[in-house]
Amino acid sequence: MDSVVSFQDLNLQLGSSGAGSAAAVATIVPKIEPKLEPFDEFALTGLKASPLFSNPSPTRDSDSGSGLGLPAVTEPAGAKRSSHSSEEANVYSEFNRISEMFRATFAEKMQGFGDVDVVEGPDSRAIVPVSDEAQVSSAVISKSIRQRSSELVRVTDLKLEDQRYFRDIVRKARMVYDSIRVLLVLEDEKNQEFGHFRNRADLKAAQLMRMRGLWLNRDKRIVGAIPGLFIGDVFFYRMELCVVGLHGQAQAGIDYLPANHSSNGEPIATSVIVSGGYEDDEDSGDVIIYTGHGGQNKFSKQCVSQKLESGNLAMERSMTYGIEVRVIRGFKYEGSASGKVYVYDGLYRIVDYWCDVGKSGYGVFKYKLVRIENQPEMGSSVLRLAQNLRTRPLVARPTGYISLDMSRNKESVPVFLYNDIDTDQEPAYYDYLVKTIFPSHVQQHAGNGTGCECVDGCGANCFCAMRNGGEFAYDHNGILLRGKPLVFECGPHCRCPPKCRNRVTQRGVRYKFEVFRSRETGWGVRSVDLIQAGSFICEYSGVVLTMEQAQIFKMNGDSLVYPSRFAQRWAEWGDVSQIYPNYVCPTYPSVPPLGFAMDVSKMRNVACYMSHSSSPNVFVQLVLYDHNNVCFPRLMLFAMENIPPLRELSIDYGVADEWTGKLAICN
DNA sequence: GGTTAATCAGGATT
DNA sequence: CAATCCTGATTAAC
């Protein structure tokens, strides 16, 4: 079991409490430079080679050296540029005047910066268990949870197990957020029948979590990386950024420690969102010219000049102290409900700032942000690459493809087979099996003719909903609402149309997957599409054997998959007990222990190549649709979190069981 | 594609 | 100082 790590155990690099002189500042600032380890996707996700297809022990690149050596801040361009007409020049000089005034003020104030002392405190986690159903009034929630802390810390040198621990916390928080949000949407749908609307489930879900003290990282203001969050992580709702503590501002693009919370009276910027809301932004990836906030009317048009205050001032201060900021980009993305997606792109330094006249003729502040080197590839560039891979794979990556569809048209979406590391082509030699094959006696169960009569699509009184405990398992977008021991989809005896909401997994895969060669995990699976949490991924297919048949197979040394051994991760999906303490995990419909094995020695599908992780992003949900034998359900895989394109998929294959005492699919 | 109704954090004022 | 009000920051969904 993972040990609980408190913040004291983490090596926090804290702002120094050195002497209080201006000279001290110079020595202090380097002291709060982060000591980040080189990012290592393998280490972070705890992926292990998929045991079935063990390959020579991973020859990992013996580390490309260098901790995350933060480059010295590039010397700010000395002269502030100005090449404008005379009236523009007036605006400009006014800015400079104000700016200089602030600079002068801070020259004095800097003296106090040595006292900005930042320190270890109690537990880092804002998760507070709620034990009863009583309405949580604001009085019940302690102030420390409702309000953001003013303690400024930087988290460094996280051990592997700490990384995994924090990742689990983050994943949990995001699962709760998603679950609550979907519940509110469903409630909304019901209310609409009575003319009632509960708009903005995204905001409401966040609010509920905040009232329960479930927002992460509120008792510390973290400078730099947030434990448990990876570069490239994607979010479909802006409030999610608040929930995980990546960015604490509901609307504003600049998040910062306010001046009156800072012990030297200076605001410090910690993160920015680049969403394209400011016409004067220029984004070229590694370098961003970021416009300060303010000066806009309600139609997001610049209408007055910006002032060097609040977030704008905080940016200037962070530049002076060399404090890095997190950058999150807002992206247009078709395939997300709102058409937008937020991606965490890593840490940037503010290298320069100046006043300028914006496109609308009003003064704006501009900040030059330069991405710190040696970080993993930006999430937004991965998204862009993935976009190209989807449409023109061979143009985007001319070499390395073994096959552009290893399923040979059997899967509804082609499956890439890719290897740019060595000459291994093993997965190409197997027959592709889209759906698990059951023994004929199992299929005969299908013949008892039960099904729903919902000719116009399944609704409130659907027989299949009753079989699922009176609710549908999926929402209208095919997202699994909560994990269950078993899900009954509508089947061949139902009279509902094929596009019925209760037929999700039987429609096959929707995402474009790629089986790829990896130095860490042998063969692995990743998606070219962004996968939304709760989405169906694919079936884990094989040829079903009874245990007697399996014993014979084992003697021949063949590899078998034992469905009973997958960790029961489904229970975590949709668990809202932290919000509604009387929530109980579904126990219906129940399934007996699974007494079969699956042979994947000749025929298999993409799922077979997924790696194991104790901190997985994919889980198994048992589903029945073409027969009614609960002893032989299908193993359907669903996404546990939003999975960015090209990130490796992983399952918790579980641990030993009594049958063989060996790891799930070890042979 | 414009309109609408929702959010939390920071700053100032009592 | 703590409570409270005011302002200022967009977004998602229709």
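Guide: Let us begin with a term: two strands pair if DSSP finds at least two bridges between them, and strands (E, at least two residues) and helices (H or I, at least four) are DSSP runs, numbered from the N terminus. This is a predicted model, in which local features need pLDDT of at least 70 and side-chain atom pairs count only at pLDDT 80 or more, while totals for chains, interfaces and linings use all residues. Residues are numbered from 1 along each chain as its sequence is written, and chains are lettered from A and ligands numbered from 1 in the order in which they are written.

Visitor: Which order do the strands take in the open sheet of three strands?

Guide: In general, strands of a sheet pair through backbone hydrogen bonds, either parallel or antiparallel. Here the order is E19-E21-E20, and the pairing is antiparallel. Strand E19 (543-546) and strand E20 (560-561) each have a single partner strand, so one side of each is left without a neighbour in the sheet. E20 is joined to strand E21 (residues 596-599) by two bridges, and Val 561 stands opposite Met 598 in E21.

Visitor: What is the order of the open sheet of four strands?

Guide: That sheet runs E12-E13-E16-E17, with mixed pairing, and its edge strands, E12 (401-403) and E17 (522-527), each pair on one side only. Two bridges join E12 to the antiparallel strand E13 (residues 415-418), where Leu 417 is the bridge partner of Ser 403.

Visitor: Which residues of H6 are buried?

Guide: A residue is buried if 20 or more other C-beta atoms, placed from the backbone, lie within 10 Å of its own. In H6 this holds for Asp 202, Ala 205, Ala 206, Leu 208 and Met 209. They lie on the same side of H6, because they cover an arc of only 160 degrees around the axis, the arc being that of the directions from the helix axis to the C-beta atoms. As a general idea, an α-helix has 3.6 residues a turn, so residues three or four places apart point the same way.

Visitor: How many residues surround DNA strand B?

Guide: A residue is near a strand if its C-beta atom, placed from the backbone, lies within 6 Å of it. DNA strand B is surrounded by 17 residues, and Leu 203 and Gln 207 are among the closest. Helix H6 (residues 201-211) gives the largest share of this surface, four residues. Around DNA strand C there are 18 residues, with Gln 251 and Ser 338 among the nearest.

Methods:
Buried ≥ 20, exposed ≤ 12 C-beta atoms within 10 Å, placed from the backbone.
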